[in-house]
Amino acid sequence: MLDSVFNIDCGYLEGLCRGFKNGILKQTDYLNLVQCETLDDLKLHLQSTDYGNFLANEASPLQVSVIDDKLRDKLVTEFQHMRNHAVEPLGTFLDYITYGYMIDNIVLLITGALHQRPISELMPKCHPLGTFEQIEAINVASTSSELYNAVLVDTPLADFFGECVSEQDLDELNIEIIRNTLYKAYLESFYNYCKSLGGTTAEVMCEILAFEADRRAFIITLNSFGTELTNEDRKKLYPQCGKLYPDGLAALARADDPENVKQVAEFYTEYRALFEGAGNNPGEKTLEDKFFEHEVKLNVNAFLHQFHFGVFYAYLKLKEQECRNIVWIAECIAQKHRAKIDNYIPIL
Amino acid sequence: MGSIFRSEEMTLCQLFLSSEAAYNCVSELGEIGLVQFRDLNPDVNAFQRKFVHEVRRCDEMERKLRYLETEMKKDNVPILDNGENPEAPQPREMIDLEATFEKLENEMKEVNSNAETLKKNSLELMELKHVLLTTQLFFDERDSEPGTSITQNLLPAEEGKGPVQLGFAAGVTLRERMPMFERMLWRVCRGNVFVRRADIQQPLEDPITGEEVFKTVFIIFFQGEQLKTKVKKICEGCRATMYPCPEAGAERKEMAQGVKGRLDDLSTVLSQTTDHRRRVLAAAAKHLRTWFIKVRKIKAIYHTLNMLNLDVTNKCLIAECWIPTSDLGVIRDALRKGTERSGSSVEPILNRMQTQLKPPTFHRTNKFTSGFQNLIDAYGVATYREVNPALYTTTTFPFLFAVMFGDAGHGVLMLAFAAWMVIREKALIAAKMSGEIWNIFFGGRYIILLMSCFSIYTGIIYNDVFSKSFNIFGSAWRINSNATVENLEHWEELTLDPANREEYSGKPYPFGFDPMWQIAVNKIAFQNSYKMKISIIIGVIHMIFGVVVSLYNHTFFRNYISLVFEFIPQMIFLIGMFGWLCIMVFIKWIMYGAGPEFGEERSSFCAPSVLITFINMVLLKKEKEDPTTPCKVFMFEGQYILQLVLLVLCIICVPLMLFPKPLILKSLHNSKKRHHEQQAIAQNGELGGEATTSGHGEEEEEFEFSEVFIEQAIHTIEFVLGSVSHTASYLRLWALSLAHAQLSEVLWNMVMKIGLSQSFYTGSIMLYLIFAAWAALTISILVLMEGLSAFLHTLRLHWVEFQSKFYKGEGYAFTPLTFKHIVSGDEDDA
């Protein structure tokens, strides 16, 4: 897209998004937050930030879950506002972002249904960005083909479902495979869509999505050790749009223990750094946190370019990270477990 | 001197409040609203301050009140607003308030949850009623067609199995979910179910959100147990509620009867609940506003207390605050009152402090001046004790506006609007109209009032009323006394020549323009010449006045260097160049003219161009006399020499503005430094190693010569070039006034004239319509848009051309602790 005409359709929303981004908590805010003694202190401090009075109508004493819900509500409201004002192709782009949440919701509901939990109890746990009309009818399905034919065929996820239609009954492993296959198809489709948009959007988004794909590949591999998942099946789950594709993925498919995974990462400068500093010992950061940190960095970098859609994605992800941080700090305060309170991931 | 001329004198005071009296004292101070507290713990987190607990309790109370308020708004219970101003309650009363709110909230919640369950029940019953009704209809339809029973097999029954019984389920779902529901049924059951639907016509109330929703009754026929479970699951998934529906007609009827009875019972209970709810809310609504004010006052007081320092002994709180010096007495009284109320025996101590801190700027305004003060503050809050341009703006602003907006008719329209706002002031304030645009107009009502009065005045001078003129005193022109239709046609080309004494009586129209000009071809040429000159004269006077005001600043701040090396050269420069230009205009007006009373040398033909003369003066060009005409280049003897002297004076002024001031400042600084050093040496000699602390807080400002010099250079260049460009800038007075007059003339000629020049009686109807168009355009374009544009240009002339001569605007506004906005109900409290 031509940069010079970008502002005709998306200038307002980009400005809005950048404005929202400026409201993201700074390091000084976090330093204040970790000093809080109670959740009410936390509320008081958040009042002086861009969050404003979002907790003002909640009765004391506060629950962490209430904070979590309110944080999410605020983010969702902002996102919905942008989605409602978006025109094509930004509309499709924003819709694409929500598909990821749909996948998570579906998996959550199916798993819940497997454990005989009523849908009404599960619904509040679903991410509001990933709801769709038919979602509550999901427990009609007992096999994946039924799931597809009855529920998903009308949703945007139908395109991603092609590979996992089978007559097998749904069980834990199956669901996990469905989730990852869906996610793989989703990521690849999103990646190609961004590429087709071209320009700065492609430049920024492909970088972020490639990292997302590689992170999934690493995590799938690490989590598969010690399960019944065969190497061959595992290979089918790797999203093929990252930097690991094709050599790295092939090597990952052969990996048998975490050491092998690390060796694969050695060949890629950015991933080597992540694996090197990671560990589970106290004082060290977990690999997951390292990945999150890298993601934050990529997302912050997205704001250095102008006239592209990446800012919307990056904003959502940064804000999500911020919500996770606040909830983490809130949990630490609520459980009087201050030793690990500093393990949040600051957003630069 | 009132503080409209200069901002109020402020003192920094230290206030020692005993801890028991602090609350009441601060409360009293908040009521008078004249004290600005300084935050003495800026590095302490909001949640680590002393009274954070109380602030939080207030937040909690506010939350409860807000909850009650939303409930009241839901039920449209009017909230009583009698404008009373309750005092901030004592801290011990807080517990009572808390208990009251707690009780109310709980009661409300209970009533609400009761109402919700009742409503839910009634909704279910309603739905059931509809289900029964529609199924009844449906089955009736079936029974009326004997032989084609829906439960009858289409295929002949297989041997030994008997007829297959079809099961059915009935329920209700949201209308918009219906298509999705049907589609899913079709997919999951592979077309093996039969669905009938009927929309419920009247909307039902959702028990949780209270919104009205439309629903649809459906009935599904299926065969077999497996399909039954599937159908059930889908119904669940689509949030459809299923209702038991007996198959036999008699049972259905019986059930419908039962449902009806239960519904009646329920509705009586429900109405009682709503009545109770309304009663509770109405009782609370009487006090809600006072409660809000009380809670907010407590909160504001504790916020302020959080800014204070705690004494080491914990016995007293120390505050630092800015106070208008003239109000010290009032504040002492308030403190005494506060102490009495708290019953403390320790008098609070108020100490005046010496300080180097820059005090805040406080202008006492009333409803008339506040509008003008806002215009000035929008540019920048005045430096402490600087001359406040708002005082002069009260007259110059409407005047300059009126020069551009000179039309008595439009002025009257504006006056009507402004007068309405001013007369109905109290009622309008009480009505608390929201809307940003309205608030802007209402806030500036006095500005608009003055602007409209001045517009009427200039409109009469321009003799412009909706682009037409009044002939009040009788025109001085008499054109072709034997007027015929042909003559009138010919008048289109009418040119007025004052030299022609057959047409012009020689005695000018007593006030303003002669109405005859309105129809003359050379009207524009005549008016332009006049308006251009007038704009320059007004502009130069305005600017010279600005420089004179700077004299007051220099003398007040004892800045004698600036007085001698800025004010005097500036004055000479401005008067020598542009003042002279204006004087030339007057000379030309007086000495030259058309008609027999002026000689050949002084005829309008010989009148020199002021502009060319002025340009030649600066370029040192001396034009040759033309021997063929009797005209002279100069207006009087010795004009050339005078101009030369003025020019030389002006040129000398430029280095005078540029060099001396920074040089003097430098030498002053150097001598001061030397003096300090000598003192220090002397002290060291006397007292040994004791360090000097004499200049406490007197931080020596870094003196950087280059910086000062560059600043001075910029100021000089700005002034010299600025005086040229600013003078030219005042020409906008002419330009806008011309544009306004032309626009209204065009509107009259293109619109109104069409209606007026109809010769048939149908024209009267047309005129009726055309007048509407003309009136709408007049108000929207000429009054609103043109008024806004003239307003903005006036604002610019004040901000840039006038205030640049003396106004620094580097201060910060005085923001005292005050309960005013709490009482008036503005939301944006601290």
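## Crossing of α8(B) and α22(B)

In this predicted model, α8(B) passes α22(B) in a right-handed crossing, where a crossing counts as right-handed if the near helix is turned clockwise from the far one by less than a right angle, and as left-handed if anticlockwise. The axes of α8(B) and of helix α22 (residues 762-802) of chain B come within 11 Å and cross at roughly 65°; axes are lines fitted to C-alpha atoms, for helices over the stretch in contact, and angles run from 0 to 180 degrees between N-to-C directions. Helices (H or I, at least four residues) and strands (E, at least two) are DSSP runs, numbered from the N terminus.

From α8(B), B:Leu375, B:Ile376, B:Ala378 and B:Tyr379 meet B:Phe791, B:Leu795 and B:Trp799 of α22(B), contact being defined as heavy atoms within 4.5 Å. By class, the residues of this contact divide into 7 nonpolar, no polar and no charged, where Ala, Val, Leu, Ile, Met, Phe, Trp, Tyr, Cys and Pro count as nonpolar, Asp, Glu, Lys and Arg as charged, and the others, Gly among them, as polar.

## Packing of α8(B) on α9(B)

Helix α8 (residues 369-379) of chain B also packs with helix α9 (residues 390-404) of chain B, at an angle of about 100° and with the axes 9 Å apart. The two helices are therefore roughly perpendicular to each other, given that angles under 35 degrees count as roughly parallel, over 145 as roughly antiparallel, 65 to 115 as roughly perpendicular and the rest as oblique. On the α8(B) side the contact is made by B:Phe372, B:Gln373, B:Leu375 and B:Ile376, and on the α9(B) side by B:Ala390, B:Thr393, B:Thr394, B:Phe397 and B:Pro398; these residues divide into 6 nonpolar, 3 polar and no charged.

## Annotated spans and extent of chain B

An unreviewed UniProt entry lists several transmembrane regions in chain B, including residues 399-423 and 534-552, and a coiled-coil region covering residues 94-121 of chain B is likewise annotated in an unreviewed entry. UniProt positions are given in the numbering used here, feature names are shortened, and annotations may be inferred rather than shown by experiment. In the model, residues 94-121 of chain B are 100% helix and 0% strand, with end C-alpha atoms 40 Å apart. Residues 399-423 of chain B are 88% helix and 0% strand, their end C-alpha atoms lying 23 Å apart, whereas residues 534-552 of chain B are 100% helix and 0% strand, with 27 Å between the end C-alpha atoms.

Chain B contains 23 helices and 11 strands. Its radius of gyration is 42 Å, well over the 28 Å that the globule rule gives for 830 residues, so chain B is more spread out than a compact globule; the radius is taken over C-alpha atoms, and the rule is 2.2 Å times the number of residues to the power 0.38. Along the principal axes, the C-alpha atoms of chain B fill a box of roughly 140 × 105 × 50 Å.

## Chain A

Helix α14 (residues 269-277) of chain A and helix α15 (residues 287-302) of chain A pack at an angle of about 140°, with their axes 8 Å apart, which makes α14(A) oblique to α15(A).

## Basis of the values

Residues are numbered from 1 along each chain as its sequence is written, while chains are lettered from A and ligands numbered from 1 in the order in which they are written. Local features need pLDDT of at least 70 and side-chain atom pairs count only at pLDDT 80 or more, whereas totals for chains, interfaces and linings use all residues, and side-chain values use heavy atoms, with hydrogens and water left out.
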